[in-house]
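Please look through the sequence and the structure below before reading the report.

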Amino acid sequence: METPADTSTPVCPLCGRPIPPGVPQSRHHLVPRLKGGRETVLLHHICHKEIHATLCEAEIARDYDTPEKLLTHPRLAKFAAWVAKRPVDFLSRTPGGHRRRH
Ligand SMILES: [Zn+2]
Ligand SMILES: [Zn+2]
């Protein structure tokens with residue numbers, strides 16, 4: 001996949017891939033709103049989901065309030081390395097014999 005050097009295309013701080021218009025994406029509060037956080041970052045929807053599947057709000061607020069810190073979590077680091085090799089519009093894991101519970 002080409003990744004054009006277009007500065008208007010945001011880059012996902014979790015996986016480092018661009019987030020072109022039309023790709024499933026969502027905003028993440030670096031500090032959960034409940035804790036008074038206002039700063040958000042744009043992420044791929046799949047990356048955002050992975051953060052919340054891995055960490056609860058309290059953990060995010062306490063230990064993972066920046067993208068850099070999120071990437072120090074072993075599961076998220078592994079996910080980022082894995083998803084970085086997928087197309088940017090990739091939305092779901094296709095695991096063999098492992099089903100999501102919801
Ligand atoms: Zn991403
Ligand atoms: Zn979030």
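## Overall arrangement

This is a predicted model, and the protein in it holds 4 helices and 2 strands. Read from the N terminus, these elements follow one another in the order β-β-α-α-α-α.

Of the protein's 102 residues, 19% count as buried.

In soluble globular proteins, nonpolar side chains tend to be buried together. In this protein the largest nonpolar core has 14 residues, and those that touch the most other members are Cys-12, Leu-14, Cys-15, Cys-47, Leu-76, Ala-80 and Val-83. At least two residues of this core are supplied by α1 (45-54), and at least two by α4 (74-83), while the largest share, 4 residues, comes from α4.

Which residues does Cys-12 contact, once its neighbours within four places in sequence are left aside? Cys-12 is then in contact with Arg-17, Ile-19, Leu-43, His-44 and Cys-47.

## A residue in a loop

Arg-38 has its place in the loop between β1 (25-29) and β2 (40-44). Is Arg-38 buried or exposed? Arg-38 counts as exposed because 8 other C-beta atoms lie within 10 Å, where the cut-off for an exposed residue is 12 or fewer.

Although Arg-38 and His-28 are 10 residues apart in sequence, the distance between them in space is 9.9 Å, taken from C-alpha to C-alpha.

Methods:
Residues are numbered from 1 along each chain as its sequence is written. Chains are lettered from A and ligands numbered from 1 in the order in which they are written. This is a predicted model: local features need pLDDT of at least 70, side-chain atom pairs count only at pLDDT 80 or more; totals for chains, interfaces and linings use all residues. A nonpolar core is a set of buried Ala, Val, Leu, Ile, Met, Phe, Trp, Tyr and Cys residues joined through C-beta atoms within 7 Å. A residue is buried if 20 or more other C-beta atoms lie within 10 Å of its own, exposed if 12 or fewer, and partly exposed in between; C-beta atoms are placed from the backbone. Two residues are in contact if their C-beta atoms, placed from the backbone, lie within 7 Å.
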